[in-house]
Amino acid sequence: MDQQQQLIDWISHDKNFTEIFNILDRYHLTEATLCAGSIRELVWNKLENKPSSILRNNLDIYYNDPGESYEHYLTIQSTLNQRHSKYLWDLRNIRLKKRHSDKSPDGSTIEATIANFPEKCSAVGVSRELGGSYSIIAPYGLDDLFTETITTTGAIDELAFKRRIERKKWLTNFQNSKLG
């Protein structure tokens, strides 16, 4: 089984991921894509035969709605947090003007946004199509994700990248993780 099919298999057979996509479907978020940490944690935990729980991490959900107002965005974020509070929702409409504290560049597409994540092993997104099939967005491929290799995308400077790795404690928490 190739890496993409393995990832889809793990996600489609995980009851929490299925529930998350069912919830997202109800809100009709254009191109809703689950990204970064929850995907990385699932794969690395599976590879290391560790228990995996999406309940411990933020759910980075990116979507693309150029017509949405900031007020509507806040309403959806609040509703998700109230009605589905067992998950830690981090919802982002890539078309809304970025907050002044967010230094990442605005993306015109979900793919461009994911390509600007700090590390290649996290630059992965999964969405579910109307028919229930899953699609993967991985601008740098899936090799770093499946080999537990932490390599910069160049989106942040080297010092910030090193600090991020230390703060996240990946090299400590995952025995097979390594710097690329």
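To count as a disulfide here, two cysteine sulfur atoms have to lie within 2.5 Å of each other. Keep in mind that this is a predicted model. With that cut-off, a search of the whole structure turns up zero disulfides. Take Cys121: the closest cysteine sulfur is 14 Å away, in Cys35, so that is too far for a bond.

On to the nonpolar interior. In soluble globular proteins, nonpolar side chains tend to be buried together. In this model the largest nonpolar core holds 41 residues, and Leu7, Ile11, Ile39 and Trp89 have the most contacts inside it. Helix α2 (residues 15-27) supplies the largest share of that core, with six residues. Which residues does Ile39 touch, leaving aside its neighbours within four places in sequence? The list runs Leu7, Ile11, Phe17, Leu34, Val124, Val126 and Leu145. There's also a second, separate core of nine residues, with Ala36, Tyr62, Ala123 and Ile137 among them.

Ile39 belongs to the buried set of helix α3, along with Gly37, Ser38, Arg40, Glu41, Leu42, Val43, Trp44 and Asn45. That makes nine of the eleven residues of α3 (residues 37-47) buried, so the helix is largely enclosed by the rest of the structure. After α3 comes Asn49, with a positive phi near 55 degrees.

Helix α4 (residues 70-83) shows another pattern of burial. This helix has 14 residues and spans 20 Å from its first C-alpha to its last, close to the 20 Å expected at 1.5 Å a residue. Its buried residues are Tyr73, Ile76, Gln77, Thr79 and Leu80. Looking down the axis of α4, the buried residues fall within an arc of 165 degrees, so they line one face of the helix. As background, an α-helix has 3.6 residues a turn, so residues three or four places apart point the same way. What do the buried residues of α4 pack against? Their partners are α2, β2 (58-63) and β3 (88-93). Over on the other side of α4, Glu71 and Gln82 are exposed.

**Aromatic pairs**

The whole structure contains seven aromatic pairs. Here are two of them, side by side.

| Pair | Centre to centre | Angle between planes | Geometry |
|---|---|---|---|
| Trp10 and Phe146 | 5.9 Å | 20 degrees | stacked |
| Trp44 and Phe174 | 5.2 Å | 75 degrees | edge-to-face |

Trp10 is in helix α1 (residues 3-12) and Phe146 in helix α6 (residues 143-147), so their pair ties together parts that are 136 residues apart in sequence. Trp10 and Phe146 are both buried.

As for the other pair, Trp44 lies in helix α3 and Phe174 in the loop between α8 (170-173) and β7 (178-179), so here the parts tied together are 130 residues apart in sequence. Trp44 and Phe174 are buried as well.

Technical notes. Residues numbered from 1 in each chain as written. Predicted model: local features only at pLDDT ≥ 70, side-chain atom pairs only at ≥ 80, totals over all residues. Heavy atoms only, no water. Core = buried A, V, L, I, M, F, W, Y, C linked by side-chain atoms within 4.5 Å. Buried < 20%, exposed > 50% of the residue type's maximum accessible area, 1.4 Å probe, protein only. Helix = DSSP H or I, 4+ residues; strand = E, 2+ residues; numbered from the N terminus. Contact = heavy atoms within 4.5 Å. Expected span 1.5 Å × (residues − 1). Arc of directions from axis to C-beta. Phe/Tyr/Trp six-rings, centres within 6.5 Å; stacked < 30°, edge-to-face > 60°.
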